[in-house]
Amino acid sequence: MKKSVEQYYKKIDEFILNNADAKKIENIKIYLKNQAQTIYGIPMKRLKSLFLKHLSEFDKLESEYTYSLINQLFMSKAFEKQIIACMLLKRYYYKFEEKNIVYLIKDYILNNIIINWAVADQIATNTFSRFNDKSFLHEFSTSFHYLLRRCSVAVFAEMHLTDKDMDMLIINIKELLQEKDEYVMRAAGWACRNIFNYNESKYFEFINENCHLMPRIMLRNAIEFLDEDIRINILVSSKEKRYSLKKY
């Protein structure tokens, strides 16, 4: 590492060690379902709140050094360091070419550098969601790796959705109708709920056409916050349509 990058990395290391809590490591392991290699015991919400105060300290770091620092933090495979890498990526993503970030994150996931859904979600919802060109997400939706498939829909879960975004999300969800991984199904349902916030008619059209094709976990997450009577009607309709398909 360049000396300037090494100094910043050391500061982050000291910050983490000063806030580490061995008593909370097991709770975080449960939260992540053991999908982390190194954990210091700082819950993500607290970590982000504490480190937010330090982000401006990186503003004068040149783009190549920022990129190198982010890379080193991800390569550490430590949960807290990877979350800080996500925070830096969110703040400085505009300094890098979008395609390079996509390539980097894809490479990290496929090579087991990023191995848990919480880190992948931070990248999807806070960085990928800001990209002008999101066409790479369809490739992600057909990937053999569950974290890339999760990213392909989680991106849309909290962002403002344009008509183009909604159409892309729907296309990606349709690629996941045979999904077996619970993490991916939940993310698809979570993202689907966001369509309701911007276009109710498109949301209900999609749900009515696909409720019987969606894995049950996906469907239940997609309709979770609807009024109870509407939710029950959709579940009944889904059950009837599934039964009808089995008969033929």
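**Pockets and core, term by term**

Biologist: Which residues lie nearest the centre of the largest pocket?

Modeller: Lys 48, Met 87, Lys 90, Gln 122 and Asn 126 do, out of 19 lining residues. This is a predicted model, where local features need pLDDT of at least 70 and side-chain atom pairs 80 or more, while totals for chains, interfaces and linings use all residues. Residues are numbered from 1 along each chain, and side-chain values use heavy atoms, without hydrogens or water.

Biologist: What makes a residue part of a pocket's lining?

Modeller: It has an atom within 4 Å of a pocket point; on a 1 Å grid over the protein atoms alone, a pocket is an open set with protein on both sides within 12 Å along at least five of seven lines, whereas in a cavity a 1.4 Å probe fits but cannot get out. The largest pocket's volume is about 280 Å³, and α7 (117–126) gives the largest share of its lining, six residues.

Biologist: Which helix gives the largest share of the second largest pocket's lining?

Modeller: Helix α11 (residues 182–196) supplies six residues. This pocket has a volume of about 160 Å³, and its lining includes Trp 117, Arg 150 and Trp 190. By class, that lining has five nonpolar, one polar and five charged residues.

Technical notes. Grid points are joined across faces, edges and corners, and a volume is the space filled by probe spheres set on the points. Helices (H or I, at least four residues) and strands (E, at least two) are DSSP runs, numbered from the N terminus. Ala, Val, Leu, Ile, Met, Phe, Trp, Tyr, Cys and Pro count as nonpolar, Asp, Glu, Lys and Arg as charged, and the others, Gly among them, as polar.
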